[in-house]
Amino acid sequence: MKTPILVFLSAVTSLIFSSVSGQTQTITGTVTDNFNQPLLGVNIVIEGTSRGTVTDIDGTYSIEAAAEEVLIFSYVGFNSSKILVGLNRVIDISLQPGNNLEEVIVVGYGTTTRQTLTDNIASVSSDQIKEIPVPSLQGALIGKTAGVQITQTGGRAEAGFNIRVRGVATISGSGEPLYVVDGIPIDKVDRSINGSPINALIGLNPEDIASIEILKDASAAAIYGSRGSNGVVLITTKSGRQGKTKFSFRSSYGWSEASNTLEWLNTEEYVELYTEAALNSGFTEDDAAFFFNLFAQEEADWRDGAVDTDWQDLALISGSIQDIGFSASGGEGNTTFFLSTGYNRTNSIIRGNTLERYSLRANVENKGNDWLTLGINANVSKTQLSRIANDNQFANPLQAIAQIPFSRPYLEDGFTPNTETTLYYNFLMDQFNGDFESNVWRAFMKFYGQAEFSENLNFRSEFGYDYNQQLEERFFGSLTESASTNGFADAFNIINEKYVINNFFTHNFDRDAVKIETVLGMSYEENKFKSLFVQGQDFPSDQLQKLDTAGEITDGSTSETAFSFVSYFLRASATLWDRFLLKVSVRVDGSSRFGSETQYGTFPAASLGWILSEEDFLSENKTISNLKARISYGLTGNANIGNFASRTQFNTITYNQNPGFWLGTLGDPDLSWEDTTQYNFGLDLGLIDNRINSSFDYYIKDTEGILFRLPIPYNNGIRFIDQNAGDIQNTGFEFTLDTKNIILKDFGWSTSLNLAINKNEVKALPDDADIIRDEKIVRVGEAVASFYMPEYAGVDPDNGDALFYLNTELPDGSLDRTTTSDYGEASRRILGNPFPDVIAGMTNNIRYKNFDFSFTFQGQWGAQLYNAGGIYQSANGDFFDNQTRDQLQRWQQPGDDTNVPQARLFGGNGTQLSSRYLEDSDFIRLRNLTLGYTLSQDLTENLGLDRIRVYFTGVNLLTITDFKGWDPESSFDALQSNSLFAGLGFYSPPQPRTLTLGFNVDF
């Protein structure tokens, strides 16, 4: 029974509370960590609204809130906390370290929390990728996520990236994931004129990124239907928060060099090797001298060693990277904003290759009234590139290493490139008497509105626009190899426009122990592409390099194409009694790309979760703080094919100035997307108040209806037809471990480890017939694009002949390991594949007082890389190309034990396609390392600033590998269009090693 005094106090309190209910008041406070240290950047949001603010350098904040409203405090690495405002005017709070299971995770058309997540989604925050000095977003992600292999094509400033999520699930189609920026899928097709890809995200400033989510399993990716098979990368940019405007300025400058160089023969060694090679092939020393004089300006250049050119040193130079950025973020009243501008200049380690990017972003949101929110996210960038030829051209700087060391790079004047006595075309001439410039203009824009019909129902409409213009202009002066008629030039201009409309409802049901979120909507996308190509020759002067001054326009063309998608989707997520989780989704996609009989496809998915740690038998456990089991299923597709592959097409032709048509391709009305069915079984485990967190996932990923270009009889004039034929399976295991090793007031240490194992296998092919392309094979029961070639067996110690294993099958099924010097007798066999069995990454973050230190290792094991240039670079004197220094270990007399055959000029002794040039590409790399210092708070406050931090960062500081080439990750840039050409190196430049100094100022 209540006493009268209690009843009276209760009534007074209720009266006071009701009188202030609905009226906002200014709430202030301080947010600290478990050591009573202020936390900068804590998000404070009023529950159920978009109103919020962030703490400043002192951990203080100010926000307008009503008595009945609830403040939510959240910060990465700490447990979130909710506090009812009530009668409080000052609310101080101390956040405790934890796994932050209420951390918001972006998913397709919405968000969820880590606690209720039933899918496999890798999440990377801006804190994990900031201050890594690379001009591209993908480069900052390397080694950060399990099951995601990210490799850079080479060391060019604009180099493209290959991203494979849970192995390769296609052959001739693109294996790239779908990129979605702020909810809008973007164009990512490379359209470079010279075959060397430009990074699709080159216009995106990494400093503008708030978070990146990679949807790996089909349950997560199925909401994107026919484009989810290769995974989905969701990129969310930064937004403003209510409160005082915060400014941030950053600047850094770095110095780069090649992460690895190779050793080549000098003049004395070259003359010795090739004289011997000539004699071994029946030539005389006079014949050898004649050959040498062809490539020397004076005989003394080679005979006395007067000239000893290091062509590699001319190709790989010292580079630099400069990065400057400024941003403003804040909000007042009903409007929040984030504004930023950035500048990046990267001088590549490859001579003649530079990148310069300007970017501007504006994200603005306005809550006009209680029910309507409007906003715009806009990004504009211009990237200017000075480019070089692709790996397969003599004008490519790295091919200069084939030049003879006693060939002079310049004529006697010291600046005009020598093209008179070089073995191959001198790449320096293209830079001296030519130009190759690319300008890329990119604009991403999203306009959105969200209407709140009730507390539980809202409608959101988004209109996205992606504009991509790329102008490439090349000029080859009268002295270059490409211009035999007083200069040659071409220009290629493309404009790609993408329009996206998303409309969807979101409904939340929350009653007793049941919470259900339902999303229902549709999406429409239209992609339009136009191109213009012109070329001409006969220029009056090398100083006049535009096509309007050409004496003759020799070629020109225009093209226009388009494709579209229309989609309908539904997703429902349920949480029952805070421990049982259920999610189902379905998407129906229609695409103009596919046949009339298969234009629409349905992509369902479902997942279940059980939070065992919420059960009575574990809820009081002091060791296990989180335990969740997950299982998911989903069907996704791959629509990365040509726009008209399903249709019979006629091409135009002109003969004797008469126009006409000829049959170009045969269509298939049943052509459809590749279907991928994926099962995922996962377990999340948190121990000791979530100081130790790990996840275990096993997946089975079956892809059916692989898109193939199949050969057909040529009697109708058509060699190939595109069809769905073939199946691939990927199975694998992923493991992540995050630990807070030490948590002290002045010292902290945390570790993040990820490991993934994947097995790739072809399950079916048309008639189970092998598909063989040069050194590659696609065979049932083997990995996609396996290396298929004779096996090199070393050198015959008696005569120096290259030996190969016969590898013919014996009656008992074993292989005949007898060796032969007759290359034609050796059978091919599968000797590896370009995709690693294991990839891993480990990041450590250490804090001591005002110092911070972090580093990331990455590694891969089980893949091979074939050096297609080896038949020229390490050919024991077969032709006149300069050789790697290991060719000095050649066989010279009976009894020599070596792996390098006898040098024979034009002899082809072991230079055929074989495993001699196939190597394991295993490596462990110190990807990045950062040491920073934050100046004391007293000093910064005296300067009128919030925070000053200076730092040093190194990228690619160390690589541990037995690989003999430049880089175990670099690959042939001109053959990146499909998986069949993966794992080929051909004069492919190494990645840069970069050392950077920088500082950040917040105020």
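This is a predicted model: local features need pLDDT of at least 70, side-chain atom pairs count only at pLDDT 80 or more; totals for chains, interfaces and linings use all residues.
Colleague: What is the mean pLDDT of the protein?

Modeller: pLDDT is the predictor's confidence in each residue, from 0 to 100. Its mean here is 89. Of the residues, 96% reach 70 or more. Residues 1-21 have pLDDT below 50. Beyond near neighbours in sequence, that stretch has 9 contacts in the model (contact means heavy atoms within 4.5 Å).

Colleague: Why is α5 called largely enclosed?

Modeller: Buried means under 20% relative accessible area, exposed means over 50%, and partly exposed lies in between (1.4 Å probe, protein chains only). In α5, 10 of the 14 residues are buried, so the helix is largely enclosed by the rest of the structure. Among them are Y270, V271, L273 and Y274. The cover includes α6 (285-294) and α7 (300-303).

Colleague: What is found at the ends of α5?

Modeller: N266 caps the N-terminal end. A side-chain oxygen of N266 lies 3.2 Å from the backbone nitrogen of E268. A polar contact is a pair of N or O atoms within 3.5 Å; within protein, one must be able to donate a hydrogen and the other to accept it, and residues adjacent in sequence count only if both atoms are side-chain atoms. Just after α5, G282 takes a positive phi of about 90°.

Colleague: Why is the aromatic pair of F459 and F505 called tilted?

Modeller: Rings of Phe, Tyr and Trp (its six-membered ring) pair if their centres lie within 6.5 Å; planes under 30 degrees apart count as stacked, over 60 as edge-to-face and the rest as tilted. A search of the whole structure finds 44 aromatic pairs. The F459 and F505 rings are 4.7 Å apart, centre to centre, with 50° between the planes, so the pair is tilted. F459 lies in strand β23 (residues 457-476) and F505 in strand β24 (residues 488-511), so the pair ties together parts 46 residues apart in sequence. F459 is partly exposed at 23% relative accessible area. F505 is partly exposed too, at 37%.

Colleague: What makes R593 a charge over a ring?

Modeller: A charge sits over a ring if NZ of Lys or CZ of Arg is within 6 Å of the ring centre and within 35 degrees of the ring normal. The charged end of R593 sits over the ring of F563, 3.9 Å from its centre. R227 lies over the face of F565, at 4.4 Å from the ring centre.

Colleague: Are N876 and F906 buried or partly exposed?

Modeller: N876 has a relative accessible area of 1%, so N876 is buried. F906 has 43%, so F906 is partly exposed. N876 is in the loop between α11 (870-873) and β48 (918-920), and F906 is found in the loop between α11 and β48. Phi of N876 is near 40°, a positive value in a residue other than glycine. Phi of F906 is near 60°, also positive. F906 belongs to an aromatic cluster including Y270, Y274 and W302.

Colleague: Why does E761 count as buried?

Modeller: Its relative accessible area is 17%, so E761 is buried. E761 is in strand β37 (residues 747-764). Not counting residues up to four places away in sequence, E761 touches residues including D727 and G781.

Colleague: What makes E412 exposed?

Modeller: E412 has 72% relative accessibility, so E412 counts as exposed. E412 is in the loop between β21 (372-386) and α9 (428-432).

How values were computed:
Residues are numbered from 1 along each chain as its sequence is written. Side-chain values use heavy atoms; hydrogens and water are left out. Helices (H or I, at least four residues) and strands (E, at least two) are DSSP runs, numbered from the N terminus.
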